[in-house]
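Dear colleague,

I am passing on to you the structure below, together with an account of what was found in it. Please read the two side by side.

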Amino acid sequence: MKASWIGLIALALVIGCAPKEQAATTSGTASGSGKKLSVVYIPKNTGNPYFNDVKRGFEDACKELGADFTTVGPATADATSQIPIIKEQIQRGVDVIAISANSPNALNQVMDQAKSKGIVVITVDSDLTGNESHRDACTLPTDFSKVGEGQVELLGKLIGYEGEIAILSATTDAPNQNAWIEKMKDTLKEPAYSKMKLVEIAYGDDEPQKSTTECEALLTKHPNLRGIISPTTVGVAAAAQVLEQRGVYAGGPYAKGMGIELTGLGTPDQMRRFVESGVVKAFQLWAPYNEGFLAAIIGTRMKSGELKPVPGLEIDALKLGKRTFTEKLELVGSPLVTFDKKNIGDFHF
Amino acid sequence: MNHVLRHREMIPAVLVIVAFAVGALQSPFFLDTRYLLDSSTLYVEAGLLALGMTLVVISGNIDLSVASTLALVAVISAKLLEAGWSLPAVVVAALALGAFLGAVNGCLVAYAGIPSFMVTVGTLALYRGIAHAMLGAQSVNVPSHLLGIDMAYVPGTVVPVSLVALGVIAFGIGLVLNRTVLGHWIRAVGTNEKASFYSGVPAAGVKVGVFVIAGMMAALAALHINSRLGVARFDHARGLEVDVITAVVLGGTSIFGGKGSILGTMLALLLLALIRTGMGVANVKAEYQLAVIGSLLVLTVVATNLGERFASRSRVKLQTQP
Amino acid sequence: MLLLLVLVCAIAAIREPRFLDPSSLNSILLWAPLLIVVGIGQMMVIVTRGIDVSVGSSLGLSAMLVGMLFRANPELNAVLGAVAGILLGLVMGSLNGALVAWAKVPPIIATLGTLSVFRGLMFIVSGGEQIDGNDLPVALSRWTLGGPLSFGAVTVSWLLAIALALAAAAAWFLGKTRPGRDIYALGSNPEAARLRGVQVNRASFLVYAITGALCGLAGVMYAARFGFVNPATAGQGFELTVIAAVAIGGTKITGGSGSILGVVLGCFLLGSINVALAVLGIEASWQMLVYGVVILLALLIDSLTRKTLEGLQTR
């Protein structure tokens, strides 16, 4: 039984050694301006490079606004993984909770709890689609209605507006992706794209291995494939790797006919290698930084009572210029940016 | 000192006190009764699973499929509600399904003679796999009038109803284990299966029984999580088996079977909840929690093993002395 | 086994003739190597009546650490990176081995614990940042792109070559060396093995250490195959795939017997099933169900043959 005490001491050590929180987060007061507001951002999961750029936006805005900023995220993007974290933040008494929700409907109750404590709840990047009343406002990465169109046009330009195309998406239930895919289908009905034929939509569940297998299956099933659109950062990177390995990209050593063009939504850091080697000519994304920057601005202003969002209200977003709230109280981060060999060197995220 | 230590519950009990102290030192937001009670409902599912698991482990087995059983029952019961079944019918169906899934585990262990860790690794994949194949990444909504079991309080207090319910069920299972012949059989099978068989214990039946109870506990947990979250998804409670098994061994139940205590499991669960809540409210990142829980699991078993080896050695010494 | 493999391919080919395209053969040939490398180790562990559920996390942690090494030293030779991966894996495997062999922790508990610990460490060391393609040396991606042999459009990649070479080495080790045969002896009857002078603890330590080293190498192969390492997804859930492959490869789940050839075929079979599912347009969400069914079927067959054999003996 003596040894159990070793376990006990070990436990005490483990807990004792765990990084202690910074006292500044909660008790700091800015001289002269009263209590400092505290903002917390909860990404879908840690380890997702996309959200690192969102965090940078928060950091810069909070520095400029004189607010405290922390970020905590779950290890996995399961629908329920954010709930304990939100509860903890409510208990910590933060002023603004900004969150990229993992589920459009599993968070309603805990969000209401936060709101009832006077906390401003802002959704960032992924909204509570259909449950908008459970948050106060939302910042979206870009004008979503333009993503599908932009992607189809980009691929069309690459393949001369002619040939079979396929889509490699995330999960069958990903709300953003599904909205874009619907828009892509609508766009393809326009006369300019009449010679482009959508042959399949595959789903890689945003896992590297599944995305790779699904993309390889696309190549097998559709020997005449000319283009792939993958509107998800995991999918587009996996697809690029497949095209490189197979050498079937346009200009590749094993390309049949004119080869396959790939485009989609990816982060510059992930895609740089493929753009520089010519496997991928161009892809798109927005500036995730802006979403964080905007969320920090409206969150703190709403908490201090300076801002009351109503549809059509224009706000001054500091260095980002003027922004206007939409019908559902959303703010749009940035237009769609197309990255290619010429400009990719300027972006690092 | 020695006779105090002989109680299996002592270690988790002391650790709970340590955790309270450390938690309070780490963050000023920790020692808040209302908050701790509210947070406790997050751990009710793990608690229910741990009760079933305690019996399984005492019988000399392990059930890795509990969290997957939870997910499958959650998905199917939400589907039934969606199809218009009444609540009592769904509760009965969920419990029956949980019992059936547990029975599958139990029969494969008892009658096919396959080690339980292998069987339940298989059903861990199978049960969650069925849920995933049924729903993909979709979620099923639970009717809104059934939401919020975790926000119901015992009238006039701040004590959540589901916490009280967990306590009552734990007490019941404790009675079964300590006061009934079934409890005696479970311990006998876990201590020495052959010997128990020759002394007339229906070993196979007992094994199926503990897995069935574990399955039904998972079904209760599934109903609780559905009401708490308002949606059912295939990825509910993924990886929760690690927390559950950690709670059971930390609570003094011998991983080799035969010995264990429900009170110990509940104390250990409280400890895990305190550690997770404490680390969370002190903004310690989730990944540290992962590493801490994993180390705790391994360290506990190592410590008890070394302890027992030490104890048996000193006993041998005593016996050989003239 | 071989029959099953042919059967799966035949069904897939009838439903979708393009399954027989060299392109899907390439997919299978690239799907299998990671699985074979880790499967060899897992088989040895299962032969000794153990299990290692930490393989996915050790693979991921090794991939992450080696990726960080490459990011810090862009000039580092890819082979040296692989050696680093093997050593890191060996350390992790030795921890598992020590817990099982000397601290007498049941394998499922020890490796369930290290599964969480290694995954947690993966986030902690990386600070949650993933390793991108730019951070990895170009030479590493050639392991997947190129290979020693090529038949028309079908390429035997370096990854596959490494995996098959390791399988051959493992077959020799298990069949022809003393420590290798000790592993089987320990699995078929631990007591008898002890009495015959087999160093039981050493043998059981060895299988976990070897598995760790193999996972370490597989981590580097993962980086080569997928071109990026994410702390949340790299190797996540891989343990189930590996156990399914080993089980379907005819390894006796209750210990004592199992062959490398079986494991290799099992890996190809599982690879074919997966690629067939994708080609047939069945959603990826069915994968886990397939693994579960495969593991349980293998268990049942195992148990039935055992019962029949026992029946014959008592008669």
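Helices and strands in this message are DSSP runs numbered from the N terminus, a helix being H or I over at least four residues and a strand being E over at least two. This is a predicted model, in which local features need pLDDT of at least 70, side-chain atom pairs count only at pLDDT 80 or more, and totals for chains, interfaces and linings use all residues. Residues are numbered from 1 along each chain as its sequence is written, while chains are lettered from A and ligands numbered from 1 in the order in which they are written.

Two aspartates of chain A

D206(A) is placed in the loop between strand 7 (196-203) and helix 8 (208-221) of chain A. Although D206(A) is not a glycine, its phi is positive, at about 55°. D206(A) is buried, with 21 other C-beta atoms within 10 Å. Here a residue is called buried if 20 or more other C-beta atoms lie within 10 Å of its own, exposed if 12 or fewer, and partly exposed in between, with C-beta atoms placed from the backbone.

D125(A) is in the loop between strand 4 (120-124) and strand 5 (137-140) of chain A. D125(A), again not a glycine, has a positive phi of about 75°, and D125(A) is buried, with 24 other C-beta atoms within 10 Å. As background, most residues other than glycine have a negative phi.

Confidence in chain A

The pLDDT is the predictor's confidence in each residue, from 0 to 100. For chain A its mean is 86, and 90% of the residues of chain A reach 70 or more. Over residues 1-6 of chain A the pLDDT is below 50, and this stretch has 14 contacts in the model beyond near neighbours in sequence. Residues 17-33 of chain A also stay under 50 in pLDDT, and the model has 22 contacts for them beyond four places in sequence. Two residues are in contact if their C-beta atoms, placed from the backbone, lie within 7 Å. Where pLDDT is low, the predicted coordinates should not be read in detail.

Helix packing

Helix 4 (residues 83-92) of chain A is mostly covered, with 10 of its 10 residues buried; among them are K87(A), E88(A) and R92(A). G93(A), which follows helix 4 of chain A, has a positive phi near 75°. Helix 4 of chain A packs with helix 5 (residues 108-116) of chain A at an angle of about 10°, their axes being 10 Å apart. Axes are lines fitted to C-alpha atoms, for helices over the stretch in contact, and angles run from 0 to 180 degrees between N-to-C directions. These two helices of chain A are therefore roughly parallel to each other; angles under 35 degrees count as roughly parallel, over 145 as roughly antiparallel, 65 to 115 as roughly perpendicular and the rest as oblique. I83(A), I86(A), K87(A) and I90(A) of helix 4 of chain A make this contact with V110(A), Q113(A) and A114(A) of helix 5 of chain A.

In chain B, the axes of helix 4 (residues 44-58) and helix 11 (residues 203-229) come within 8 Å and cross at roughly 180°. Helix 4 of chain B and helix 11 of chain B are therefore roughly antiparallel to each other. The residues of their contact divide into 16 nonpolar, two polar and one charged. In this count Ala, Val, Leu, Ile, Met, Phe, Trp, Tyr, Cys and Pro are nonpolar, Asp, Glu, Lys and Arg are charged, and the others, Gly among them, are polar.

Contacts between chains

In the contact of chain B with chain A, 51 residues of chain B meet 40 residues of chain A. Helix 14 of chain B supplies the largest share of the side of chain B that touches chain A, 15 residues. That side has 29 nonpolar, 16 polar and six charged residues.

The contact between chain B and chain C takes 35 residues from chain B and 37 residues from chain C. Helix 7 of chain B gives the most to the side of chain B that touches chain C, with 13 residues.

Two residues of chain C

I295(C) is in contact with V121(B), G122(B), A125(B), I243(C), A244(C) and A247(C), leaving aside its neighbours within four places in sequence. Y184(C) lies in helix 8 (residues 178-188) of chain C and is buried, with 20 other C-beta atoms within 10 Å.

With kind regards
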